[in-house]
Amino acid sequence: MDDSLSFESFLDGASKAAQKAMEDHGRGEYDEFALHAGVAIERLAKAVLVKMNPLYLVEMRNGNADMLLYFGGHLDLDTAKVRTVGAKEAIQRLRRIGVLPTDSQLDLLIELRNGTAHTTVGDEAKTLLPTLAETTGILLTAVATRFRDFWGRWSRTVIMAVDKQRDEIQRDVEIRIDQARHRFEDKFDGLPSGSKERVLGEAAAKVEVIGIARGDDELLALLTVIPCPSCKGNARVKVVPVEAEEPGLTLQAESLHCFMCKLDLHTPEEIRAASVAIEDALLPTSTNGAWATAPSPTLRVESLRPF
């Protein structure tokens with residue numbers, strides 16, 4: 001049988017497609033994510049089938065026995081004429097023999113990959129990362145293949161995608177942090193050793209610590225720079241006043257953007273989920289003209305002086 005139809009070939013192809021899907025998801029290219037995630041699951045499903053019995057790859061069409069004899073090892077065929085089952089049939093076979101459970105989200109992912117789903121691909125595909133993670137986990141277990149060998153550097157991210165101990169916001173934020181970190185590291189592929197550290201060091205030396213926006217003597221927003229929770233570069237945090245019962249001014253971190261790795265956190269809840277060290281932000285107070293340290297994602301100060 002052709003080496004391209006071996007267990008090792010299917011497994012290697014599935015691993016490459018799955019990791020490509022993670023890169024697509026991290027860049028927000030959800031159409032591409034659906035394509036590569038679907039390819040990954042199809043190839044991994046075929047790896048499981050061929051591991052169990054090469055005959056399980058046979059496409060049943062027109063009653064022709066040539067494929068059956070070929071996969072059984074008793075007939076030579078031109079590789080251009082060889083056909084295997086498609087993704088939907090491979091999944092159905094694995095369900096019939098008890099390897100995979102019925103899963104409407106998996107069916108949707110394959111439909112998106114095939115272009116047969118009547119929906120906007122990106123809108124639906126964005127939420128299907130846990131489906132990819134769960135399905136590959138089941139199939140890898142079926143063939144006794146190590147999760148980390150398959151997923152490589154994406155192992156932690158994929159584990160996070162199916163971690164039921166964290167709420168949805170926590171899972172989403174930690175996945176985005178990992179994706180941003182990998183995006184940042186990829187920029188330095190092929191560059192001399194130490195390039196990343198030099199870039200981070202030079203950026204830190206140029207930090208503009210803070211900026212204040214005022215209107216009619218009222219604080220509108222405050223910008224400060226803190227270490228990014230993903231790449232440790234300079235992340236800009238927008239801090240805004242919020243209503244509070246206690247006297248004084250209460251400030252809350254509202255959003256974060258890192259120019260280095262392009263991580264974006266859009267709400268106070270996401271910032272809390274990322275364990276952003278707002279205490280590292282230096283805020284100026286008018287009490288003694290010195291820089292004061294913010295103690296938490298919600299800060300109280302008596303007054304602020306403009307620049």
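1. The protein has twelve helices and eight strands. Both are DSSP runs numbered from the N terminus: helices are H or I with at least four residues, strands E with at least two. The model is predicted: local features need pLDDT of at least 70, side-chain atom pairs count only at pLDDT 80 or more, and totals for chains, interfaces and linings use all residues. Residues are numbered from 1 along each chain as its sequence is written, and side-chain values use heavy atoms, with hydrogens and water left out.

2. Of the 307 residues, 43% are buried (under 20% relative accessible area, 1.4 Å probe, protein chains only). Take the contacts (heavy atoms within 4.5 Å) with a separation of 6 or more: 54% of them join residues 24 or more positions apart.

3. Helix H2 covers residues 30–52, 23 residues in total. From first C-alpha to last it reaches 33 Å, close to the 33 Å expected at 1.5 Å a residue; the expected span is 1.5 Å times one less than the number of residues. Because 17 of its 23 residues are buried, H2 is largely enclosed by the rest of the structure.

4. H2 packs against H5 (residues 104–114), with axes that come within 8 Å and cross at roughly 115 degrees. Axes are lines fitted to C-alpha atoms, for helices over the stretch in contact, and angles run from 0 to 180 degrees between N-to-C directions. On the H2 side the contact uses Ala34, Leu35, Ala37, Gly38, Val39, Ile41 and Glu42. H5 brings Leu106, Leu109, Ile110, Leu112 and Arg113. These residues divide into nine nonpolar, one polar and two charged.

5. The largest nonpolar core holds 53 residues. Such a core is a set of buried Ala, Val, Leu, Ile, Met, Phe, Trp, Tyr and Cys residues joined through side-chain atoms within 4.5 Å. Phe33, Leu44, Leu94, Leu132, Leu139, Phe150 and Trp151 have the most contacts inside this core. H2 gives the largest share, 13 residues.

6. Phe150 deserves a look. Not counting residues up to four places away in sequence, Phe150 touches Leu11, Ala14, Ser15, Ala18, Gln19, Leu44, Thr136 and Leu140. A second, separate core has 26 residues, including Ala235, Ala253, Leu265 and Ala273.

7. Glu270 lies in helix H12 (residues 268–273). Glu270 counts as buried because its relative accessibility is 12%. Leaving aside neighbours within four places in sequence, Glu270 is in contact with Ile169, Asp172, Val173, Arg176, Asp264 and Leu265.

Notes:
Buried means under 20% relative accessible area, exposed over 50%, partly exposed in between (1.4 Å probe, protein chains only). Ala, Val, Leu, Ile, Met, Phe, Trp, Tyr, Cys and Pro count as nonpolar, Asp, Glu, Lys and Arg as charged, and the others, Gly among them, as polar.
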